[in-house]
Structure formats: C-alpha cells, structure tokens
Amino acid sequence: MPDRGARLLEVQYANLAHQGETAELGIWAFLINETIFFGALIFTYYFYRLTYPHDFALAARDTVLWCGSVNLAILVTSSLTMVLGINAAAQGERTKMIRWLVATCALGFAFMLVKGYEYYLDFQDQVVPAVNYVAKSGEGPAGELFWVFYWVATGLHAIHLMTGVGLVLYMLLWRIRRGEITPVYYTPLEVVGVYWSFVDVVWLFLFPSIYLVGRS
Amino acid sequence: MSVTTVERAAPRETPSPEPSYLTAEHTVGSWLLTRDHKRIALLFFASITFFFFVGGIAATLMRLNLATPQGLLQPSVYNRMFTMHGIIMVWFFLIPSIPTTFGNFFIPLMIGARDLAFPRVNLGSWYVFNLSGLVVLYSLVMGGADTGWTFYTPLSASYANGYVFAAAMAVFINGFSSIMTSLNFIVTIHRLRAPGMTWLRLPLFVWGIYAVSVVMLTATPVLAMDTLLLAVERFIGVGLFDPTRGGDPILWQHMFWFYSHPAVYIMILPAMGVVSEIIPCYARRPIFGYVGMVLALMAIAILSFFVWAHHMFVAGISIYAGVFFSLTTFFVAVPSAIKVFNWTVSLHKGSIVFDAPMLYSLGFVLLFTVGGVTGLMLATLAIDVGVHGTYFVIAHFHYIMVGATVSAYFAALHYWWPKITGRLYPESWARFAAILTYVGFNLTFFPQFILGYLGMPRRSYTYPVEWQSWNVLSSAGASILAVAYALPLLYLGWSLIWGRKAGPNPWGATGLEWTTPSPPPDHNFSSTPTVVHEPYLYDPEKATFVSQEGTRHAG
Amino acid sequence: MTIEVDPRRARPFPFVVAWALLLLLFGVSLWTAFLGLGLWAPVIQFGIAAIQVATVFILFMRLKGPPSLKWLFAVSGFFWLLFLYGLTMTDYSNRKGWPPAVPVSSSQQVHPPGS
C-alpha cells in the first residue's frame with residue numbers, strides 16, 4: 001500500500017492528504033461554474049414563465065409527471081448508493097464498494113431508460129419544437145418556448161448524467177481494478193461522488209420547474 | 001515582522017547538472033503530453049501568437065479599407081472582417097494572453113510551488129483552446145460571421161447569412177478553456193503557497209491572476225449558456241430571442257454583457273498585475289500602498305459584475321436601470337484610479353531605469369488613464385446617447401485593450417524573457433520598439449476619438465469624404481504599430497540563438513521566480529523555499545534589495 | 001499501516017435518513033403543486049428544493065469536511081447568480097408593459113415584452 005500511495009502522490013504536493021483535499025476543493029470550484037451555467041438557464045426559463053404564465057402553464061400540462069417523479073427517486077437513491085460506495089472505500093471493503101458503485105451505474109442507466117421512454121412519449125404528444133410541434137388549443141406561440149427549455153434543460157442534464165456514469169465506470173474499470181482506490185487515498189472516488197450528487201442537485205431544481213407547473 | 005538583513009553571498013545556483021525544463025526531454029510527445037506548467041505556457045504562447053496574427057490581418061484589411069471612402073472590400077466582406085477581428089482578438093488572444101502564458105509559467109514559481117494544483121487540467125485547457133480555435137478557423141475559412149463580435153439577436157439567430165453557429169460554438173468551447181485555467185489558478189493559490197507565503201506577501205501579479213480567475217470562473221458560464229441558447233435557436237429555428245415569436249432580444253444582451261463586461265476586466269487585471277511587478281523593480285522602490293493595490297484588484301473584480309448594462313443604455317432598457325448602471329460604472333472606476341495613483345507615486349524618489357519593460361509599463365499607465373477617463377465619459381448617460389455606436393467607443397476600448405493590455409503583455413514578455421529562455425534581449429532594439437509602439441498606437445487611435453465625436457459610426461465599411469484625413473492618420477498609425485509589434489519577434493527570435501546568456505536575476509528583482517536558474521529546472525525548486533519577507537523590498541538609497549526568501553543583494 | 005476510518009463514514013444510518021428526508025420533501029413538493037397556490041407554488045417548491053439541496057451538499061457531498069474553504073465555494077455560485085437575477089430585474093421590473101397584461105392567444109400576434 002505505501003508504494004501505491006507514493007506513486008499517486010504528485011510532485012507539487014507535500015503528502016496525500018494535501019493532494020486529496022486540494023482535489024476536493026477543485027471539484028467544488030468546478031461546481032461554481034456548473035451552478036452558474038444551469039442557473040443562467042433556469043433564470044431565462046423563469047423569466048419567460050413570468051412573461052407568459054398562461055401559455056407556460058398550458059404547455060406544461062403535457063409533461064409526464066410520473067416519469068419526472070420516478071427519475072427524481074432514482075437519482076436520490078443513486079446519491080445514496082454512491083455515498084455508501086465511498087464509505088466502503090474508506091473502510092477498505094472492496095467488494096461492497098464495487099457493489100454499491102455498480103448499483104449507482106445501474107440507477108444511472110435506469111434514469112436514462114425512463115428519460116428515453118419519456119422522450120418517446122413527448123414525441124407522440126407532439127411537443128418537440130421545430131421537429132414535431134403542435135400547439136394545444138388555447139395555447140399561444142409562447143408555449144413552444146416552454147418546450148424549448150424542457151428539451152435543452154433535460155438534454156443538458158442527461159449529458160451530465162452520462163458523463164457521471166462514464167466517470168463511475170472509469171473508477172470501476174480502471175482505478176479500482178489497478179488497486180488505486182484504498183482507504184489511504186480514495187479521493188478520486190470522492191470527487192466523482194461530488195460530481196454525481198451535483199447532477200442530482202440539478203434535477204432537484206429542474207423537477208419543480210418543469211413538472212409542477214400548471215397542475216392546479 | 002522586522003526585515004532581517006541576512007548578509008551572505010548572493011545565492012549562486014551552483015552549475016547543477018540538472019537540465020532546464022527546456023532540455024529535460026526532447027521528444028514531440030514530451031511537449032504535447034507535458035504536465036509541466038512551463039512547457040504548457042509555451043504551448044499557449046504559440047497558439048495565441050498565431051491568433052494574434054490572424055486577428056491582426058483582419059485589422060490590417062479593415063484599416064486599408066478605411067483609408068479611403070470608396071474602400072477596398074465589399075461591404076459584406078468588411079462586416080465579416082470586423083466580426084472575426086473582434087471574436088479572435090477577444091477570445092483567442094486577449095483573454096488568454098497573460099494568464100495562460102505568464103500566469104501558467106510564473107504562478108507556481110512566484111508562490112514557491114513545483115507545479116499548479118492540476119497539471120493535467122492545465123494541459124487539457126490548451127487542447128480545449130485549440131479545439132475552439134479549429135472551430136473558429138473553420139468559421140473564418142468558410143466565410144465568417146458578420147454579426148459583430150457581440151452576436152446580437154435576432155440578427156445572429158434568425159437573419160444573418162454567415163457561419164454564426166460555428167462562431168458561437170467556437171466561443172462556447174473556448175469558455176471551457178478559460179474555466180479550466182481559472183479553476184486551476186484559484187485552487188493553486190489557495191493551497192500550494194510555500195511556508196511563509198501569506199496572502200499579504202504574495203506578489204501583485206499573483207493577486208492579479210487570482211482576481212482574474214475569480215472573474216473568469218463566475219462570468220464565463222453565463223456566456224456559455226447564452227451562446228448555447230443562441231446556437232440552439234439558430235440551428236433548430238425556434239424563437240427564444242426572436243420578438244416575432246415571443247422572445248426577448250434584450251434578455252440575450254443582458255446575459256451576453258453579464259459576461260462580456262467582466263471579460264474586459266479579465267483582459268486588464270493580469271496586465272495590472274504585470275505592471276505592479278515591473279514598476280517597483282525598475283524604479284528600485286517598493287510599490288506604494290500594497291494593501292490598497294490588493295483591495296483595488298479585488299474590488300475591480302467584484303464591482304465589474306454590477307455595471308454591464310452600460311453597454312445597453314440605448315438598447316431599450318428602462319431609464320432607471322440606465323441610471324443605476326451609470327452610477328455603478330462610476331464606482332468601478334474608483335479602484336482603477338487608485339491603482340493609477342499608486343503606480344505614479346511609486347515612481348517618486350525612485351531610481352528609474354528606462355529599459356523596455358519600464359517603457360512599456362509607463363506607456364500602460366498613460367494609455368490606461370486615457371482609456372479609463374474616456375470610459376467615464378461613456379458612463380455618462382447624456383454623452384453615451386451621442387457617441388454610442390461611434391468610433392469614440394472603439395477608441396476607448398482599444399486604448400484599454402491594446403494600449404494598456406498589449407503594452408503590458410510586451411512588458412511581461414521582455415521582463416521575463418531571460419527567465420523563460422535563459423537569454424538576454426538587445427535592449428536598444430527593445431527600447432526603440434516600445435517607443436515606436438507608443439507613437440504608432442496613439443496615431444492609430446487618437447484620431448478615432450475625434451471621428452467618434454464627429455459622428456462616424458462603427459462597423460461601417462465607408463464614411464463621408466470630409467472625415468478622410470482622420471481616417472488616413474489612423475491607418476498610417478496602424479502601419480507603424482504593425483512594425484512596432486513585428487520588431488520584437490525579430491530581435492527576440494535573434495536572442496534565442498545569439499543573445500547573451502542570462503543569470504538567475506539579471507534585473508535584481510525580489511520575487512521567488514528570480515531565485516531559480518534561468519531557465520528553471522523541471523520542478524522549479526529542489527526544496528520548497530521558506531518565505532520571510534513581503535515583496536518589492538527595493539532600497540533605492542542603499543542600492544540593495546532583499547528577495548522574498550531573505551537574502552539581501554546589492555543592486 | 002493502520003487504516004484510519006473516518007468515523008462519519010462508518011455507519012450508513014445518517015445517509016439513509018437523509019435519503020428518506022429527500023423523498024419525503026419531494027412528496028411534499030408534489031403535494032403543493034395540486035393545492036392551487038398560484039404564484040406561491042414555485043416559491044414554496046424552490047424553498048423545498050433548497051432544503052433538499054442543502055441536505056445533499058452537507059450530508060452526501062461532505063461539505064463540512066476539510067478543507068473548510070469548500071463551503072465558500074459551494075455558496076459562491078448561488079451568490080453570483082443573485083447578481084444576474086437581481087440586476088437584470090432592475091431593468092424589467094420598472095419597464096412599462098412587462099410582464100404583458102394580456103394573455104397571448106394563438107390568434108394574436110405576439111408582442112415582444114416591454115413594448
């Protein structure tokens with residue numbers, strides 16, 4: 001184990017703890033960027049929703065609430081499995097760690113499946129702007145703006161989620177297989193965990209914005 | 001803490017067998033896959049110099065066109081020229097210029113670290129930059145965009161003929177390069193400072209890079225979202241910012257300028273940091289008001305986020321918003337002015353050496369002052385209504401971006417040239433180039449203030465014939481400026497082969513970077529230095545200086 | 001080499017509680033959508049989302065661990081967004097005609113906001 005630790009220590013750091021904490025700070029710095037990126041999108045969305053409340057409420061009725069809700073539950077659970085995986089890494093329980101990380105990946109895939117099905121339903125409902133869009137009765141042209149936001153926001157979120165799944169797979173198939181994740185130094189997994197939970201956070205904000213509009 | 005006068009022989013870096021970062025490895029792969037911040041700095045230097053020439057060619061064609069009212073280029077071609085000039089100069093030269101070259105090279109050296117916090121992210125940033133460069137070159141080669149570098153909707157999204165989508169995507173990708181670089185600097189400066197290097201002992205260049213990194217990290221994502229939405233609108237044909245379909249073009253401008261105003265401060269903050277290094281060294285005096293300079297840098301960084309709608313005074317925003325943003329713009333000028341006062345006072349009772357870095361820095365202070373004062377004029381609502389969209393604005397921002405920032409870039413290039421390359425440049429040629437730059441710059445851009453006042457609109461391929469004499473002066477100045485910018489290429493290139501070899505500290509400067517050999521070895525320091533002093537401990541009367549790790553030297 | 005296990009990582013119980021809390025809050029948020037709260041609905045739902053996000057940050061993302069600077073970075077993004085929201089709304093909040101009073105129907109030409 002000391003050998004592997006020495007190999008992982010980069011020359012600009014005093015020790016592994018220094019390196020690990022700096023890596024954690026780095027991912028949080030990256031999240032500043034992600035927060036503002038999605039925040040700008042959400043701002044634009046709410047701006048138009050304030051401008052056209054009636055059209056947005058009408059258009060949003062066609063969102064598939066059960067898909068959004070199931071996906072929220074899936075993501076929250078995946079955050080739990082990810083954390084349990086990191087805990088197992090901290091305690092040196094390799095098998096448990098792998099199992100929890102595989103569960104996290106599986107939940108990520110499940111999210112994509114539900115999302116894919118939802119996109120299929122959306123296409124059937126004819127709410128794909130510029131491709132297959134028909135305004136509902138009583139809905140003005142601004143309704144299409146709601147759907148542009150829907151596709152951009154959920155599309156960007158899906159890309160981030162797939163990146164997260166990719167990172168977990170990279171951890172599983174590369175770092176963990178080479179024995180580079182040990183109780184002495186498991187920061188790369190923690191960094192991936194922070195990113196993963198952030199993808200969850202984005203959905204926590206997107207869900208009420210998209211799915212809970214105009215339901216009453 | 002008292003200044004300990006440790007009298008010992010100047011630390012002679014014993015001619016160690018350790019090779020420099022330039023000669024440590026020789027393969028192409030060792031350069032393209034390097035993790036060494038110094039090599040990455042040189043990689044960036046190559047990329048941005050290339051784009052400086054591309055943007056410069058566009059400027060040359062523009063000034064040739066404007067020498068006569070009949071012009072040289074077709075109007076639609078002229079429109080693409082000024083658009084691509086703006087896009088390339090802003091995102092592919094000015095914004096990366098000082099941070100990715102001198103920032104990358106010197107931040108670890110100045111804080112006593114062996115590399116940045118995340119070396120692979122640093123290399124990744126260069127590759128992302130080049131990817132965005134390929135996309136913008138594609139856009140350029142295919143004919144370019146013609147919307148102006150500001151991409152206003154709905155022209156850009158719905159009506160423009162040209163490669164707007166590619167140009168917007170190039171800017172989007174470029175933003176991630178900025179974000180990766182800035183994130184690296186912020187974390188490095190927080191976490192990798194050597195023992196004894198407290199925040200208030202950091203050289204002002206480090207503070208300048210820290211401030212610019214905060215701005216880059218927080219402003220760029222808004223531009224990323226704005227250009228992404230623009231690209232979506234253009235590509236798919238929905239009406240996000242199209243008024244005929246319910247969209248709001250002013251909202252696009254708000255988000256664009258939320259980034260682009262801080263962006264202009266991204267372009268000036270590192271330049272201010274450079275000048276704060278050079279003036280103390282060449283006046284042989286400490287900087288006046290170090291803490292005030294730090295506070296001013298951070299104040300500029302934060303306040304820059306509160307002023308953006310001064311670009312939109314005549315766009316249709318509410319008059320009360322106009323008043324608010326005019327007021328905040330006046331406020332942001334205050335810390336900049338404090339810095340100008342401090343640089344000036346730092347010269348008092350100094351023992352000034354008029355070498356090229358100092359000449360460029362003095363030029364910076366003067367040109368920045370002119371640009372800043374004319375910026376205050378533009379912040380005044382009543383004046384702006386008259387000169388918005390005229391050459392007055394163009395002259396104002398070129399005084400800052402070219403007069404100030406590019407001068408500081410050349411100042412940095414000359415100041416740190418011996419450290420980076422291990423060679424001294426020929427001083428007389430450099431002094432000549434610096435003075436020629438100043439003359440050429442003023443001749444190019446001062447007439448533009450007058451043209452703007454007279455009413456000449458910007459982004460126009462032609463003009464009434466009575467303004468020709470001012471335009472001819474400006475174009476003549478541009479040709480002098482071109483020579484002044486080309487000269488350093490020649491004599492700096494010459495020095496690489498025939499220049500005198502430089503010692504570790506040819507200028508007698510106090511920073512940690514000057515305690516290493518020239519050029520530095522691979523990992524900067526064989527052992528982490530301990531810092532005992534604040535920077536700029538130059539004593540003009542005793543003609544000595546104390547470097548930050550504690551040794552007193554003559555000079 | 002002794003393995004020092006972070007005591008906060010030893011037991012899964014706090015994390016399971018957090019997970020249950022997140023799902024419970026989601027249920028509450030869902031319920032508020034059907035209550036006819038009008039303009040208050042998004043405000044309350046965002047408030048609930050903020051509590052959920054704080055839970056995820058502190059518990060799942062270990063915001064309180066070293067280095068202590070993490071929390072500053074975590075809130076900075078949101079803080080900066082306030083600049084964007086607040087200052088942009090200084091424009092729209094006192095423009096005549098925004099938001100437009102008349103609901104737009106499909107038969108009407110859409111007028112740009114603020115005209």
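Trainee: Hi! Among contacts in chain A between residues at least 6 apart in sequence, what percentage join residues at least 24 apart?

Mentor: Hi! That comes to 76%. Two residues are in contact if their C-beta atoms, placed from the backbone, lie within 7 Å. Keep in mind that this is a predicted model: local features need pLDDT of at least 70, side-chain atom pairs count only at pLDDT 80 or more, and totals for chains, interfaces and linings use all residues. Residues are numbered from 1 along each chain as its sequence is written, while chains are lettered from A and ligands numbered from 1 in the order in which they are written.

Trainee: Got it. What is the secondary structure of chain A?

Mentor: Chain A has seven helices and two strands. Those are DSSP runs numbered from the N terminus, with helices being H or I of at least four residues and strands E of at least two. The order from the N terminus is α-α-α-α-α-β-β-α-α.

Trainee: And α6(A), how many residues does that helix have?

Mentor: It has 35, residues 142–176. From first C-alpha to last, α6(A) reaches 50 Å, close to the 51 Å expected at 1.5 Å a residue; the expected span is 1.5 Å times one less than the number of residues.

Trainee: Where does α6(A) bend?

Mentor: At Tyr170(A), by about 25°. That is the angle between axes fitted to the seven residues ending there and the seven starting there.

Trainee: New topic: how many residues of chain B are in contact with chain A?

Mentor: 30 residues of chain B, with 24 on chain A.

Trainee: Which element gives the largest share of that side of chain B?

Mentor: α7(B), with nine residues.
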